[in-house]
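Here are my notes on the model you sent over.

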Amino acid sequence: ASRRNWRAAQSHFERAIRIWESALGAAHPSVAAGLLNLASVHMEKSRFDAADILLRRALRIDEAVSGAIHPRLADDFDQLGQLEHLRGKHDAASRWFEQSLAVSNSIYGEDSIESAHRLAKLAEEHRLGGRSRQAADCYERAIHRLAARLGKLDPALLMPLSAYEQALRSLQEYALAAKAAQWATDIEYARILNAGRLPTGM
């Protein structure tokens with residue numbers, strides 16, 4: 001997006017927040033949603049400190065209004081994790097993603113697609129932080145939960161399978177890595193050929 005478009009987006013969200021604060025009060029969930037939107041603009045422009053202030057304010061609002069278990073809390077934690085990811089602070093990002101996952105598990109269940117995606121995000125942060133064993137364990141659980149919900153040949157499994165393979169290779173677990181690679185290959189073939197062949201691995 002052009003600089004003008006980013007400026008327009010920032011101005012729009014700032015104006016919306018002022019309107020909501022005036023009409024609904026400074027601690028309303030709509031204000032928190034506006035803060036998240038504005039924070040996303042700052043994150044895209046690498047203005048991480050400004051985004052951090054906005055995200056933490058949104059979190060405080062949502063915690064006060066919704067309590068400890070609510071989808072908005074999961075999203076707030078996820079955004080804070082994404083911020084730390086962009087900063088390259090993978091340990092801090094992992095802690096936020098763990099909180100996001102915990103809330104998601106409480107709301108949707110550990111075997112839900114929502115929680116599986118959040119688990120895969122946590123796994124990737126472990127991998128980037130050099131914690132290959134934690135990454136592999138999280139990816140394995142996420143992949144099997146997604147496969148149970150979506151089917152073993154669903155293309156949504158390709159990215160986590162690739163990252164899982166990388167984590168296994170870094171652990172020198174080459175046999176398991178080869179099975180993950182074969183599973184991904186089966187998915188690619190199924191997608192291209194529209195075949196129903198089941199994966200040979202895992």
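1. Let's start with Ala50, which sits in helix 3. Its relative accessible area is 29%, so Ala50 counts as partly exposed, the cut-offs being under 20% for buried and over 50% for exposed.

2. The protein chain has an average pLDDT of 93, and 94% of the residues reach at least 70. Helix 1 (residues 3-24) is where confidence is lowest, with a mean of 89, while helix 5 (residues 90-108) has the highest, at 98. As a reminder, where pLDDT is low, the predicted coordinates should not be read in detail.

3. Back to helix 3, this time for its charges. Asp52 and Arg87 form a salt bridge through their side chains, at 3.1 Å from N to O. This pair ties together distant parts of the chain, since Asp52 belongs to helix 3 (residues 48-66) and Arg87 to helix 4 (residues 71-87), 35 residues apart. Asp52 is buried, because its relative accessibility is 11% and the limit for buried is under 20%. Arg87, at 23%, comes out as partly exposed.

4. How many salt bridges does a search of the whole structure find? The count is 18. In helix 8, Glu165 and Arg169 are 4 residues apart, about one turn of the helix, and their side chains meet at 3.0 Å, N to O. Arg169 is partly exposed, with 38% relative accessibility. There is a network too: salt bridges with shared partners join Asp49, Asp52, Arg56, Glu84 and Arg87.

5. The other one is in helix 7, where Arg133 and Asp137 are also 4 residues apart, about one turn of the helix. Their closest N and O atoms lie 3.4 Å from each other, and the pair forms a salt bridge. Both ends are partly exposed: Arg133 has a relative accessible area of 35%, and Asp137 is at 33%. The spacing makes sense, as an α-helix has 3.6 residues a turn, so residues three or four places apart point the same way.

6. Helix 9 (residues 174-193) passes a simple length check.

7. Which residues of helix 9 are buried? They are Ala177, Ala180, Trp183, Ala184, Asp186, Ile187 and Ala190. What do the buried residues of helix 9 pack against? Their partners are helix 7 (132-150) and helix 8 (158-170).

8. Finally, the largest pocket, which holds about 310 Å³ of space. It is lined by 14 residues, and those closest to its centre are Ala120, Lys121, Glu124, Tyr139 and Met159. Helix 4, helix 6 (113-128), helix 7 and helix 8 each give two or more residues to the lining. Helix 6 has the largest share, with 5 residues.

Notes
Residues are numbered from 1 along each chain as its sequence is written. This is a predicted model: local features need pLDDT of at least 70, side-chain atom pairs count only at pLDDT 80 or more; totals for chains, interfaces and linings use all residues. Side-chain values use heavy atoms; hydrogens and water are left out. Buried means under 20% relative accessible area, exposed over 50%, partly exposed in between (1.4 Å probe, protein chains only). Contact means heavy atoms within 4.5 Å. A salt bridge is a side-chain nitrogen of Lys or Arg within 4 Å of a carboxyl oxygen of Asp or Glu. pLDDT is the predictor's confidence in each residue, from 0 to 100. On a 1 Å grid over the protein atoms alone, a cavity is a set of points where a 1.4 Å probe fits but cannot get out, and a pocket is an open set with protein on both sides within 12 Å along at least five of seven lines; lining residues have an atom within 4 Å of a point. Grid points are joined across faces, edges and corners, and a volume is the space filled by probe spheres set on the points.
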